[in-house]
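Please look over the sequence and the model below. The report that follows takes the strands, the helices, the loops and the ligand site in turn.

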Amino acid sequence: MPSSASPHTSSYGSPGSTSPTHFHSDPSFLYPHEPGGKLGRQRLSSYYSSELMNTLPEKVKSPKTTKQILSNIHLELTASEVPLDVKELYESFEFFLRTRKRLFGAAKRGPSPPLPIEVHDMCCGHGFTGMLFAACSPSLDVHVKLFDQTCPPSHFVIREALERVCPHMKGRVEFVEKSLSAEGSPPSYPSAAGPSAAGPSAAGPSAAGPSAARSSSVSRIVIGVHACGLLTDSVLEYALSNSATSIAVMPCCYTGTNPQAPYGLKRVLGSSWSSDIARIYRLSSNNYHTDFSSIPSSITPMNRIIVAERR
Ligand SMILES: C[S@@+](CC[C@H](N)C(=O)[O-])C[C@H]1O[C@@H](n2cnc3c(N)ncnc32)[C@H](O)[C@@H]1O
């Protein structure tokens with residue numbers, strides 16, 4: 001095991017059921033208000049229209065903890081009938097709760113005072129996951145850049161609902177419409193040059209690339225949830241090219257991923273593990289401490305997360 005210059009969140013404890021080094025492929029929910037029924041492609045408002053409404057938390061007037069902020073978001077999104085499926089809400093909540101400490105922890109390491117943090121949510125869809133990083137960080141200097149080939153109308157509805165319960169996130173979110181290369185090559189993805197679909201421009205680099213990023217005055221976190229197939233590799237390339245301080249991806253389908261994997265590895269471990277193992281080797285060889293995490297499989301069977309912190 002290579003030693004790490006700076007500590008990371010899994011550098012303690014030995015494998016065991018109560019240790020963070022123990023990997024659960026199907027963990028229980030971290031968000032305390034678990035779904036009361038089967039999760040599916042059902043809008044939040046229709047899912048909670050029945051007796052399940054009683055399972056929702058009370059609104060907290062001055063939320064102090066992340067889970068209280070999430071509860072308020074849960075209530076607001078349900079009451080205002082935003083176009084968000086119940087599965088998507090839990091997927092984003094659990095992904096956020098499982099990755100935020102490592103992502104923010106790595107981003108806060110380094111110079112003092114700490115650099116402002118920029119979260120880049122790649123292939124973001126409506127951008128709900130990325131926006132949680134601003135919504136749940138009232139006391140951090142966090143800006144969120146959402147990247148997708150198109151900005152769906154649902155983005156604005158969800159963002160407005162979030163801003164009603166988390167007014168501190170106003171002006172901290174920007175949607176950039178830009179396509180990411182699917183070939184796995186480092187995409188040319190200048191963060192300030194693409195047409196911005198909405199929002200004030202957050203402070204950021206004008207060009208991608210290691211040299212630009214190294215001299216950057218921000219700490220960059222890159223996330224990608226269910227970027228299909230090779231797009232997850234493009235997200236990782238983007239993160240490496242931009243010297244991200246931390247990275248978290250939850251891969252989706254594995255069609256065409258890791259074609260170089262030896263036949264035996266694919267046969268024994270399957271395509272998904274053999275691809276994700278290749279991915280963490282790629283990150284490790286680029287000086288990242290890497291680990292796996294996961295969200296409850298009742299939300300999605302594509303529930304594995306790769307988390308990386310720059311050493
Ligand atoms: C399965 S969705 C995931 C959306 C979001 N991350 C989520 O978890 O809800 C995949 C997203 O990737 C986007 N996408 C597909 N190809 C892309 C490309 N070449 N560049 C950028 N985004 C792309 C799609 O528009 C879609 O929003």
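This is a predicted model: local features need pLDDT of at least 70, side-chain atom pairs count only at pLDDT 80 or more; totals for chains, interfaces and linings use all residues.

Strand 8 pairs with strand 7 (residues 288–294) through seven bridges. The two run antiparallel. Within this pairing, D291 has V307 of strand 8 as its bridge partner. Strand 6 (residues 246–250) also pairs with strand 8 in the antiparallel sense, over four bridges. Here S246 stands opposite E309 of strand 8. In a regular strand, side chains alternate between the two faces of the sheet.

Helix 4 spans residues 128–135, and eight of its eight residues are buried, so the rest of the structure largely encloses it. The buried residues run from F128 and T129 through G130, M131, L132 and F133 to A134 and A135.

Helix 3 (residues 86–108) packs against helix 4. Their axes lie 9 Å apart, at an angle of about 50 degrees. Helix 3 is therefore oblique to helix 4. The crossing is right-handed.

## Helix 2 and helix 5

Helix 2 covers residues 66–79 and helix 5 covers residues 153–165. Their axes come within 9 Å and cross at roughly 130 degrees. Angles over 145 degrees would count as roughly antiparallel, so helix 2 and helix 5 are oblique to each other. This crossing of helix 2 and helix 5 is right-handed.

## Backbone points in the loops

S112 and P113 are joined by a cis peptide bond, with omega about -5 degrees. P113 sits in the loop between helix 3 and strand 1 (117–122).

Two non-glycine residues deserve a check of phi. H226 has a positive phi of about 55 degrees. H226 belongs to the loop between strand 5 (219–225) and helix 7 (231–241). It has 18 C-beta neighbours inside 10 Å, so H226 counts as partly exposed. S243 has a positive phi of about 45 degrees. S243 is placed in the loop between helix 7 and strand 6. S243 counts as buried because it has 22 C-beta neighbours inside 10 Å.

## The ligand shell

Which residues come nearest to the ligand? They are C123, G125, S179, L180 and V225, out of 16 residues around the ligand. By class, the shell holds nine nonpolar, five polar and two charged residues.

How values were computed: Residues are numbered from 1 along each chain as its sequence is written. A residue is near a molecule or strand if its C-beta atom, placed from the backbone, lies within 6 Å of it. Ala, Val, Leu, Ile, Met, Phe, Trp, Tyr, Cys and Pro count as nonpolar, Asp, Glu, Lys and Arg as charged, and the others, Gly among them, as polar. Two strands pair if DSSP finds at least two bridges between them. Axes are lines fitted to C-alpha atoms, for helices over the stretch in contact, and angles run from 0 to 180 degrees between N-to-C directions. Angles under 35 degrees count as roughly parallel, over 145 as roughly antiparallel, 65 to 115 as roughly perpendicular and the rest as oblique. A crossing is left-handed if the near helix is turned anticlockwise from the far one by less than a right angle, and right-handed if clockwise. A residue is buried if 20 or more other C-beta atoms lie within 10 Å of its own, exposed if 12 or fewer, and partly exposed in between; C-beta atoms are placed from the backbone.
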